Amino acid sequence: NTVPPTPGTVFPNNKVYGYFVMPGASPYDDDQSCGPSSTSYHGTHTSGTVAGDSGTTATPTAGNWNTGDGMAPNAQLLFQDIGDDATGCLSGVGGKLMWEQAQTAGAYISSNSYGSDNSGAYSAGDYEVDDTTFDNEQFLLVFSAGNDGPGAGTIGHPGHAKNALT
């Protein structure tokens, strides 16, 4: 367990560089329901899509690409768990403090596959993305597009912040 923005223990030589459980969350993915559908191990799935390495380990000098690898198989993963096993909802501390923690631990990209309803107005979550990227120009915040789609208004907060990649 960590208290952001202070990072937890990191393992520089491992694929999973660190696993931080945010205050208000419980460790590891689950299959509980938060609303109409379950989380279905969503965090694990999206992490594998990004940085999965399914065969011969990639190194800085040899890509060793295999079918089933993620888009960046040589990347390391820093997990910041904000999910709650009891409810299946995202209830851990997130936002600017979480992203500052990731930066302090050495991350340059934060991939976030979550969002709230798009009300069409600029929200506090959108502001946190813009404020974080303004203060840290080398940090990229990425959000999912269309987890609730397809259709109008399916890209939610904070994915439509001015400085988010969505």
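Biologist: What does Ala72 touch, not counting residues up to four places away in sequence?

Modeller: Ala72 touches Lys15, Val50 and Ala51, where contact means heavy atoms within 4.5 Å. Keep in mind that this is a predicted model: local features need pLDDT of at least 70, side-chain atom pairs count only at pLDDT 80 or more, and totals for chains, interfaces and linings use all residues. Numbering starts from 1 along each chain as its sequence is written, and side-chain values use heavy atoms, with hydrogens and water left out.

Biologist: OK. Where is Ala72 found?

Modeller: In the loop between helix H1 (42–51) and strand S2 (77–81). Helices (H or I, at least four residues) and strands (E, at least two) are DSSP runs, numbered from the N terminus.

Biologist: And how far apart are Ala72 and Val50?

Modeller: They are 22 residues apart in sequence and 5.9 Å apart in space, C-alpha to C-alpha.

Biologist: Why does Ala72 count as partly exposed?

Modeller: Because its relative accessible area is 31%; buried means under 20%, exposed over 50%, and partly exposed is in between (1.4 Å probe, protein chains only).

Biologist: Another loop one, then. Is Ser26 buried or exposed?

Modeller: Ser26 counts as buried, at 15% relative accessibility. Its place is in the loop between S1 and H1. Leaving out residues up to four places away in sequence, Ser26 touches Val21, Asp81, Gly83, Asp84 and Asp85.

Biologist: Let's zoom out. What order do the elements of the protein chain run in, from the N terminus on?

Modeller: They run β-α-β-α-β-α-β, which comes to three helices and four strands. Of the 166 residues, 31% count as buried. Among contacts between residues at least 6 apart in sequence, 62% join residues at least 24 apart.

Biologist: Now the helices. Why is H2 largely enclosed by the rest of the structure?

Modeller: Because seven of its ten residues are buried. Those are Gly95, Lys96, Met98, Trp99, Gln101, Ala102 and Gln103.

Biologist: What do the buried residues of H2 pack against?

Modeller: Strand S1 (16–21), S2, strand S3 (109–112), H3 and S4. H2 is then followed by Gly106, whose phi is positive, near 110°.

Biologist: Which residues make up the largest nonpolar core?

Modeller: There are eleven: Met22, Ile82, Met98, Trp99, Ala102, Val129, Phe139, Leu141, Phe143, Ala161 and Ala164. A nonpolar core is a set of buried Ala, Val, Leu, Ile, Met, Phe, Trp, Tyr and Cys residues joined through side-chain atoms within 4.5 Å. H2 and strand S4 (140–143) each supply at least two residues of this core, and the largest share, three residues, comes from H2.

Biologist: And what does Ala164 touch, not counting residues up to four places away in sequence?

Modeller: Val129, Leu141, Phe143, Pro158 and Gly159.

Biologist: Last topic, pockets. Which residues lie nearest the centre of the second largest pocket?

Modeller: Ile82, Leu90, Gly94, Gly95 and Tyr114, out of 13 lining residues. On a 1 Å grid over the protein atoms alone, a pocket is an open set of points where a 1.4 Å probe fits, with protein on both sides within 12 Å along at least five of seven lines, and lining residues have an atom within 4 Å of a point.

Biologist: Which helices each supply at least two residues of that lining?

Modeller: Helix H2 (95–104) and helix H3 (124–135).
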